[in-house]
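Let's walk through a protein structure together, one question at a time. Have a look at it first.

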Amino acid sequence: TAAALNSPSPADLWEMDRSHSLHPWTNFGSFQDKGALVITKGEGCWLWDADGKRYFDSVGGLWCTNIGLGRREMAQAIADQAERLAFSNTFVDMANDPSARLAARIADLAPGDLNRVMFTTGGSTAVDTAVRMVAYVQSCLGFPDKTGIVARDHSYHGSTYLSQSVGKRPGDRVPEFRYKEDGIYHLSPPNPYRRPQGMTEEAFCDGLVQEFEDLIARVGADRIGGFIAEPIQASGGVIVPPEGYLKRMWEVCQRHGILFIADEVVTAFGRLGHWFASWDAFGVMPDIICTAKGLTSGYVPLGAMIFSDRLWDIMARDPSRWFTAGFTYSGHPVSCAAGLKNIEIMEREGLLANAARVGAYFQNRLKAMEDLPLVGQVRGQGLMICTENVANKATKEPLPDGVNESKRISDAAEAMGLIVRPLAHLNVMSPPLTITEAEVDFVAEVLEK
Ligand code: PLP
């Protein structure tokens with residue numbers, strides 16, 4: 001009714017959403033049964049639903065509300081920019097002042113000679129663009145067939161056709177979606193918890209690197225252009241790779257002229273205590289970094305593909321050619337103004353250092369949950385953490401998937417005022433970088449219950 005549309009009650013909102021929305025990754029059974037939790041307000045790490053109930057958001061939106069919600073100066077920066085210049089396209093030699101400034105700022109923060117930025121609408125479109133750039137660069141180098149992309153099982157790189165084809169989380173693939181398979185290869189996920197029994201972590205790592213070498217030998221280095229990796233596989237289950245794994249995979253790439261794409265959509269902008277994790281946390285200098293999320297702390301959408309001067313120079317050798325990628329909202333002035341303010345706040349408040357300090361406390365505090373019968377492992381780094389829930393700790397048999405046990409855990413937590421994310425048989429957390437030790441204790445106490 002008109003009344004419901006103009007001033008809806010909490011029940012009206014719930015019903016409108018339930019009757020008209022299709023949410024990302026909808027499970028039709030649980031959505032039709034329960035509908036959605038409708039959120040109406042956020043401040044710091046806390047959310048309020050339409051009924052006024054308060055929740056601690058340990059998920060940080062979706063790995064993204066890094067500076068926390070409800071910041072007036074962010075709202076003001078967004079409003080000021082929307083008033084002054086709400087939009088201007090960045091196609092064919094046009095720019096706007098926030099997009100120029102943010103590109104320069106990102107170049108400043110990114111490692112090595114990663115000084116070039118293409119803005120996108122989010123993480124998926126950054127990955128999509130990066131995969132195309134790999135083929136373009138290899139072609140400019142005289143290797144037109146070096147277009148194959150190597151990724152890992154359990155990776156998540158986005159939800160466009162191409163980025164979802166590159167990613168491969170169990171359970172995500174549905175037979176009706178015809179993923180691109182030609183020229184996309186998947187290696188084993190570097191998950192030490194799931195390594196064969198009795199095998200050392202070093203031997204496990206050797207095997208993963210060998211698997212990459214074997215793939216290259218089989219397919220041919222002349223047909224593989226890029227390797228893409230999240231430094232820590234995020235929604236595949238917060239998979240922290242074995243010591244030295246990423247660096248060794250990078251060395252393999254360098255030996256075979258394979259470009260290294262770091263998917264830092266989650267790990268950049270402070271989540272692991274660094275602006276970018278590849279170099280600072282793992283000693284890898286990527287050719288391309290994809291990022292999004294913490295770049296604006298989720299206040300407005302924005303993604304970025306950051307790449308090296310070296311790649312730029314290779315592409316620019318032939319001035320007659322065009323790199324035909326980009327989006328209407330690439331370099332959106334309002335998003336870029338938010339990005340600039342977001343970086344300013346992170347620097348001023350020392351949020352990277354807080355993420356490192358409280359992140360270490362978080363990891364330690366939750367590690368104690370491994371004593372619980374249901375918890376096979378608690379793992380993570382910085383402010384990325386998950387509990388892997390198992391039916392049998394000795395055999396590591398996961399709790400049943402489907403509309404699953406982790407969802408029962410997150411529903412119970414929700415009733416106690418805590419949002420945690422259910423992912424298959426895992427519960428995943430990635431709170432804002434502003435989280436305090438007292439808030440960590442709250443999360444731990446609810447989860448333990
Ligand atoms: N890459 C990683 C590692 C992600 O975690 C995500 C989203 O969760 C994406 C890419 C896709 O980003 P977006 O949802 O902004 O398109």
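Q: How many bridges join S2 to strand S3?
A: Keep in mind that this is a predicted model. S3 covers residues 54–57, and S2 and S3 run antiparallel. Within this pair, Trp46 stands opposite Phe56 in S3. The number of bridges joining the two strands is 3.

Q: Which residue in the turn of the S2 and S3 hairpin has a positive phi?
A: S2 and S3 form a hairpin, with 4 residues between the strands.

Q: Which residue in S2 stands opposite Gly42?
A: Now move to S1 (residues 39–43), which runs antiparallel to S2 (residues 46–49) and is joined to it by 4 bridges. Their hairpin has 2 residues between the strands, and Gly44 there takes a positive phi near 60°. Opposite Gly42 you'll find Leu47.

Q: Which helix gives the most to the shell around the ligand?
A: The ligand has 15 residues around it, and among the closest are Gly122, Gly123 and Ser124. By class, the shell has 6 nonpolar, 7 polar and 2 charged residues. The helix giving the most, with 3 residues, is H7.

Q: Is H6 parallel or oblique to H13?
A: The axes of H6 (residues 97–109) and H13 (residues 333–349) come within 8 Å and cross at roughly 40°. Angles under 35 degrees would count as roughly parallel. So H6 is, relative to H13, oblique.

How values were computed:
Residues numbered from 1 in each chain as written. Predicted model: local features only at pLDDT ≥ 70, side-chain atom pairs only at ≥ 80, totals over all residues. Pairing = 2+ DSSP bridges. Near = placed C-beta within 6 Å. Nonpolar A, V, L, I, M, F, W, Y, C, P; charged D, E, K, R; others polar. Axes fitted to C-alpha atoms, helices over the stretch in contact; angles between N-to-C directions. Parallel < 35°, antiparallel > 145°, perpendicular 65-115°, else oblique.
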